[in-house]
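Work through the exercises below with the model open. Each task is followed by a stepwise solution.

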Amino acid sequence: MDTISHFFHAIPFDLIVIQTVNGIVTGLILALVASGLTLIFGILDVVNFAHGELFMLGAYVGVLVVASTGSFWLGLLASSIIVAIFGAVLQIVTLRPLIGRDPLNTILVTFGLSLILQNYALWQFGPIERKIPEPIQAHFQLFYLQYPWYRILIAALSAAIIGGFWLYLKHGKFGVWIRATSQDRIMAQAMGIPVPWVFTGVFAMGSAMAAASGVLFGPLGGVSHTMGLDWALKAFIVVVVGGMGNLGGSIAAAIFISLLEAYAAIWLDPSQAVIVSFVVLILTLLFRPTGLFVATPK
Amino acid sequence: MTATPLDKPVPLSRPLLTHNAVFWIGFGVVMAILIAAPLVLSEFWRRFLTEVLIWGLLAMSSDLLIGYTGMISFGHSAFFGLGMYGAAGALIAFSPNLWLAILFGLAGAAGAALFVAYFSTRLRDIYFAITTLIFSQIFYVIIFTWTPVTGGENGLIFTRPHLSIPLLYDARFTSTTMHWFVLAVVTASYLFLRRLTQSPFGMVLQSIRENEARTRAIGYAVKRYKIVSVLLSGLFAGLAGVLYAIQNQFAAPDFLYFITSGDTVIFNVMGGVGTLVGPIVGAGFFQLMRELLSRLFGDQFPYLIPLGVVFIVMIIFLPQGLLGFARRWLNR
């Protein structure tokens with residue numbers, strides 16, 4: 001009994017609350033990245049290896065716009081729009097010729113894109129980390145910490161973007177087209193939906209979501225040319241754990257994994273806390289290879 | 001009963017040389033060039049050619065998966081890196097013996113390959129590619145953070161073992177003998193893999209690539225075949241890692257990073273998947289372009305931008321790669 005009570009005593013309650021908040025904040029940013037990825041996969045059948053690089057590119061555009069205009073919100077908006085247009089162009093130039101070919105080709109092409117973008121960023125912006133200044137300086141008291149309101153705002157904003165997007169999918173005209181295309185591509189085309197443009201639009205939307213999360217994350221961590229891979233990897237884990245192409249599943253998985261990593265960081269070094277998400281992935285592959293948050297296929 | 005002459009169609013005109021003869025003549029010519037090359041080339045290009053062969057071996061090992069079993073691995077850096085670390089560990093902890101290094105390197109790679117094979121082969125296509133990528137990243141994190149054993153960020157440095165054949169030969173490696181040694185290993189690996197892909201086992205792998213469901217329906221244990229093919233592929237990738245470690249006398253965590261896996265896939269696609277020699281040609285093409293670009297525009301030039309563009313253009317317009325035209329012929 002003594003050891004058990006000692007164990008419970010050793011759990012620092014305040015740390016757990018703080019890490020829960022942290023986990024939810026990063027989880028919602030991650031959910032924003034992952035829902036772009038899972039959307040592109042669900043509709044286009046494309047695993048976008050360049051998604052992390054779009055995230056990074058968004059952050060860099062944010063850095064530039066914020067530096068020149070001084071307005072964070074303008075940066076967020078401009079970055080989303082610019083990267084969305086860029087994503088649409090990329091899709092038209094590189095992915096459209098591959099429609100109807102083995103989906104593995106698209107992995108290779110997006111992988112090539114990620115190489116180009118990453119090296120372009122290194123060449124253009126150099127290896128030194130950039131920072132986006134926080135738009136809100138206010139803090140509130142969380143135990144012994146001065147917790148920045150900005151983090152709460154990010155979480156709310158990410159949730160709002162995902163929610164807005166979900167409503168759009170449900171009720172918007174283009175959203176209905178997207179759902180129709182994901183259900184039956186050929187039938188949708190027969191009904192007069194311009195499927196190639198739906199693909200382009202979806203890729204642009206996914207890019208915009210990646211860019212927005214890049215700008216939102218900018219003030220938390222630095223902006224560097226390698227930030228893309230870390231986030232892309234996490235997003236891949238989330239998407240596999242949540243069930244590929246399943247929007248709700250990946251949002252749940254994003255928060256779940258971020259919480260686990262945040263708790264693990266209480267006891268482990270942050271660089272080792274990553275292993276926790278790997279373990280979740282392995283366990284998922286072992287017992288629920290179709291994803292944790294989807295109904296078991298009959 | 002007499003055999004009817006119609007059982008075997010008589011060819012109207014016999015070709016001058018059989019396919020086999022042409023293949024082995026071509027093989028002999030290429031080998032002669034590669035054997036003679038270090039005698040003519042300068043020190044820099046000699047090392048360059050040796051490294052191309054090592055990268056070629058790595059790419060060839062992944063071709064067994066991409067080109068023959070139809071699974072794209074984005075995690076070959078793990079096998080390559082663990083081969084490196086296995087060799088380095090054996091050389092530092094035990095005796096500086098070449099064969100011991102190879103043995104431990106292969107054991108390291110086999111360990112990683114078993115792990116990846118067991119879990120990743122549960123998934124197909126894209127999912128397989130992503131999980132191999134994530135697994136290689138696990139090994140990267142472990143090697144990178146386990147500083148007391150692996151040297152962390154700095155890696156391991158060791159002295160190169162002697163080139164020794166027990167009781168027969170024992171001498172220091174020179175860059176020329178290193179080249180010949182690497183060439184011998186790569187050639188032996190190529191011949192083994194070529195034989196393997198033409199064996200009944202290799203035929204099953206190719207039928208998994210063509211139609212997995214049907215292969216399973218015929219009665220083959222698809223999963224077991226996949227595991228063995230990942231394992232074999234990992235072993236050869238580990239062998240490449242051992243060679244690279246011995247050539248450069250260090251093991252570094254950078255080589256476990258995603259970049260190495262990505263390069264491996266690029267070599268394959270550029271050279272032509274499903275040809276075994278294509279990936280070596282792809283590695284040579286890639287490294288030559290890289291060298292050319294950095295000589296033309298300076299070391300700081302981001303050579304991966306133009307090479308990335310070439311890569312994408314090739315996927316769209318030349319998906320068979322440089323040697324794709326010879327694919328059928330090489331596999332006959």
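Helices (H or I, at least four residues) and strands (E, at least two) are DSSP runs, numbered from the N terminus. This is a predicted model: local features need pLDDT of at least 70, side-chain atom pairs count only at pLDDT 80 or more, and totals for chains, interfaces and linings use all residues. Residues are numbered from 1 along each chain as its sequence is written, with chains lettered from A in the order written.

**Exercise 1.** Describe the build of chain B.

Step 1. Count elements: chain B has 14 helices and four strands.
Step 2. Take the radius of gyration over C-alpha atoms; the globule rule is 2.2 Å times the number of residues to the power 0.38. Chain B gives 21 Å, close to the rule's 20 Å for 332 residues, so it is as compact as a globular protein of that length.
Step 3. The C-alpha trace of chain B spans about 75 × 50 × 50 Å along its principal axes.

**Exercise 2.** Find which element of chain B gives the most to the side that touches chain A.

Step 1. Residues are in contact if their C-beta atoms, placed from the backbone, lie within 7 Å. The contact takes 29 residues from chain B and 34 from chain A.
Step 2. H5 (125-145), H11 (258-271) and H13 (304-317) of chain B each give two or more residues.
Step 3. H5(B) gives the most, with eleven residues.

Key. Contact = placed C-beta atoms within 7 Å.
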